[in-house]
Amino acid sequence: MPASPSTARAINDRHALRLLQQEGPLTAGQLKTLTGLSRPTVADLVERLQGSGLIQVVGESGAERRGPNARVYGIVADRAHLAALDVRTRSVTVVVADLLGVTLAEASLPIGSDTGTEPAVERAVALLERTAREAGASRLHSVGIGAPGLIDPVSGELRDTSGLPAWHRSLVAALQERLPARVLVENETNLAAVAEQRLGVARDRDTFVFLWLGHGIGAALFLDGRLRRGASGGAGEIGFLPVPGTTGLPAADDCEGGFHSLAASAAVCALGAQYGIEAAESQEPRAASVVRAAVAAGRGDFLDALTQRLALGAAAVASVLDPGCVVLGGEVGHAGGTELATRVEARLAELTPLRTEVRAGKLGGAAVLSGALLTAREAAQDELFAPGV
């Protein structure tokens, strides 16, 4: 059935807004060309979107030609403010941005392991409120949170997981209760994969596996353009994967003895010490510094040993999913760069007959925050750009 006039208008408006989001400010003539709509239809939608406060005139174009200059229209970026949080085991980082995702303010706060649940939550909430004030955001529309642990696929809530700080779950609950905003929580590795798929090295891939190599180990699965979470939200808990080379086996409540024991931060640092790799003083995690130092020094012996470990986990995932591409993400994957990725790809080819490309992540540890901001931005735009708004 043909769309009703009101539905057609809503579809056209949303299409125009998406183009302005993706392409930046455009003239009415450019909108006509890109949408394929008639000039009167574009004129009507521009008037409607201006009236609703979603777009505004941001300049003029055409000074080089005869006749009046064409007005250039852009999305009203401060129509909504967004926030993203990267919640780590011992820290929290906050960024506040406008509707187009432009960062307005950012801050981080360490939270020690000896900090009680209630004080930790209050410090994190205060950090968000202070950063929002610095950004000039009187009210947040949507907040995206990236945290370690399992996200319940039905309720969307962070599940109570052993081994993780209690303040993580309490923080999410506190923000959902206290903020007049939509609060969305997602597993940190999944958000990092989203960021690499939208902004990083996997933009050309609909199917790939993202390996988070940081303090802990995790995987995210993009299959046929969709992020797959599994029946309980635990798809990608690769730290529990039994692999050769460990001294034991993992248990339901402890991933020691699994892939975590070979490739997590502590294991990488221990391997570096075994090969005499000195980590340089820097702001990045020590494991990433060890790997970066090894690459810079051309320490093929250490890199081969690390490659052997990483290839075990990658081969197990590739053998089950045949993703065609594995991205080595997180701080360690970024520090290893192309040098480490190339070695893992070559070793992987020896372990499985399935052709699997290996790429180094582009965004490093910043991928979680980027993914959380993308999630908040899409939630806000879906509501504000919705038909009838």
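Trainee: Which residues of H8 are buried?
Mentor: Ser 265, Ala 267, Val 268, Cys 269, Leu 271 and Gly 272 are the buried residues of H8. Buried means under 20% relative accessible area, exposed is over 50%, and partly exposed lies in between, with a 1.4 Å probe and protein chains only. Helices (H or I, at least four residues) and strands (E, at least two) are DSSP runs numbered from the N terminus.

Trainee: Before going on, what are the ground rules?
Mentor: This is a predicted model, where local features need pLDDT of at least 70 and side-chain atom pairs count only at pLDDT 80 or more, while totals for chains, interfaces and linings use all residues. Residues are numbered from 1 along each chain as its sequence is written, and side-chain values use heavy atoms, with hydrogens and water left out.

Trainee: What covers the buried residues of H8?
Mentor: The cover includes helix H7 (260-263), H9 and H10. Contact here means heavy atoms within 4.5 Å.

Trainee: And what follows H8?
Mentor: Gly 276 follows H8, and its phi is positive, near 70°.

Trainee: How many disulfides are there?
Mentor: Zero, with a disulfide taken as a pair of cysteine sulfur atoms within 2.5 Å. For Cys 255, which is in no disulfide, the nearest cysteine sulfur belongs to Cys 269, 16 Å away.

Trainee: Is Cys 255 buried or exposed?
Mentor: Cys 255 counts as buried because its relative accessibility is 18%. Cys 325 is also counted as buried, at 0%.

Trainee: Switching to rings. How many aromatic pairs?
Mentor: Three aromatic pairs are counted. The centres of Phe 210 and Trp 212 are 6.4 Å apart and their planes are at 40°, so that pair is tilted. Rings of Phe, Tyr and Trp (its six-membered ring) pair if their centres lie within 6.5 Å; planes under 30 degrees apart are stacked, over 60 edge-to-face, and the rest tilted. Phe 210 and Trp 212 are both buried.

Trainee: What about Tyr 275 and Phe 302?
Mentor: Tyr 275 and Phe 302 make an edge-to-face pair, 6.2 Å centre to centre with 75° between the planes. The pair links distant parts of the chain, 27 residues apart: Tyr 275 is in the loop between helix H8 (265-274) and helix H9 (286-297), and Phe 302 is in helix H10 (residues 300-321). Tyr 275 counts as partly exposed because its relative accessibility is 27%, whereas Phe 302, at 0%, counts as buried.

Trainee: Now pockets. What is the volume of the largest pocket?
Mentor: About 1,300 Å³. On a 1 Å grid over the protein atoms alone, a pocket is an open set of points where a 1.4 Å probe fits, with protein on both sides within 12 Å along at least five of seven lines; lining residues have an atom within 4 Å of a point. Points are joined across faces, edges and corners, and the volume is the space filled by probe spheres set on them.

Trainee: Which residues are closest to its centre?
Mentor: Of the 41 residues lining the largest pocket, those are Thr 89, Pro 148, Leu 164, His 215 and Gly 216.

Trainee: And the second largest pocket, what gives the most to its lining?
Mentor: H12 does, with five residues. The space in the second largest pocket is about 370 Å³.
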